[in-house]
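Here are my notes on the model you sent. Please read them next to the coordinates.

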Amino acid sequence: MEVTIRHIAEVFRIPEHTVLETFGKKELPTGELLKWSKLLRYDFFRIYSQHLILYTPQYANPVRKKEKSQLMQFRKNIYSDELIEFVLELVRTGKKTKQEIIDDYRIPRTTLYKWIAKHQVTSDL
């Protein structure tokens, strides 16, 4: 799907020069970014979510009791397919070692090795 500057200007009801200025902006308000995501059918917020997952330090929850709950607990997969592919590509191309990936992105060793086994990744080096 090709989107022209004119089409974007019509959808946002702004002049074409304002659309071009938007491309040069370093930051966009979330409302505006949401409009762009809808128009281009691309989730720009996922980029930021993945950044938070990778780089936000993990803190212990002080409210959580030490005893385990009797309720069922579901575990949610926090790693998107795009993130897994990105990490596996780093291994495949040899840009980072497995240990560097574990240290830099704080991905558990067992998780990384499961991804490698599941996707049968071999290093190009």
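1. Conventions. This is a predicted model, in which local features need pLDDT of at least 70 and side-chain atom pairs count only at pLDDT 80 or more, while totals for chains, interfaces and linings use all residues. Residues are numbered from 1 along each chain as its sequence is written, and side-chain values use heavy atoms, with hydrogens and water left out.

2. Secondary structure. The chain has seven helices and zero strands, in the order α-α-α-α-α-α-α. Helices (H or I, at least four residues) and strands (E, at least two) are DSSP runs, numbered from the N terminus.

3. Burial and surface. Of the 125 residues in the chain, 22% are buried; buried means under 20% relative accessible area, exposed over 50%, and partly exposed in between (1.4 Å probe, protein chains only). The accessible surface of the chain is about 10700 Å², with 55% of it belonging to carbon and sulfur atoms. These areas come from the Shrake-Rupley method with a 1.4 Å probe, and for residues only the protein chains shown count as cover.

4. Contacts. Taking contacts (heavy atoms within 4.5 Å) between residues at least 6 apart in sequence, 51% join residues at least 24 apart.

5. Aromatic pairs. Rings of Phe, Tyr and Trp (its six-membered ring) pair if their centres lie within 6.5 Å; planes under 30 degrees apart count as stacked, over 60 as edge-to-face and the rest as tilted. The count by this rule is five aromatic pairs. Phe-12 and Trp-36 form an edge-to-face pair, because their ring centres are 5.0 Å apart and their planes stand at 75 degrees. Phe-12 lies in helix α1 (residues 5-12) and Trp-36 in helix α3, so this pair ties together parts that are 24 residues apart in sequence. Phe-12 counts as buried at 18% relative accessibility, and Trp-36 is buried at 7%. The rings of Tyr-42 and Phe-44 are also edge-to-face, because their centres lie 4.9 Å apart with planes at 65 degrees. Here Tyr-42 is partly exposed at 45% relative accessibility, and Phe-44 is partly exposed at 23%.

6. Surroundings of Phe-12. Phe-12, Phe-23 and Trp-36 form one aromatic cluster. Leaving aside residues up to four places away in sequence, Phe-12 touches Lys-35, Trp-36 and Leu-39. The C-alpha atoms of Phe-12 and Lys-35 are separated by 8.2 Å, at 23 residues apart along the chain.

7. Positive phi. Which loop holds Arg-41? Arg-41 lies in the loop between α3 and α4, and has a positive phi of about 55 degrees although it is not a glycine. Arg-41 is exposed, with a relative accessible area of 71%. Arg-106, in the loop between α6 (98-105) and α7 (109-119), has a positive phi near 55 degrees and is partly exposed at 39%.

8. Second largest pocket. A pocket is an open set of points on a 1 Å grid over the protein atoms alone where a 1.4 Å probe fits, with protein on both sides within 12 Å along at least five of seven lines; lining residues have an atom within 4 Å of a point. The second largest pocket has a volume of about 280 Å³, a volume being the space filled by probe spheres set on the points. Its lining has 14 residues, with Glu-27, Leu-28, Leu-33, Phe-44 and Tyr-48 nearest the centre. At least two lining residues come from each of α2 (16-24), α3 (30-40) and α4 (45-55), and α3 gives the largest share, four residues. By class, this lining has nine nonpolar, two polar and three charged residues; Ala, Val, Leu, Ile, Met, Phe, Trp, Tyr, Cys and Pro count as nonpolar, Asp, Glu, Lys and Arg as charged, and the others, Gly among them, as polar.
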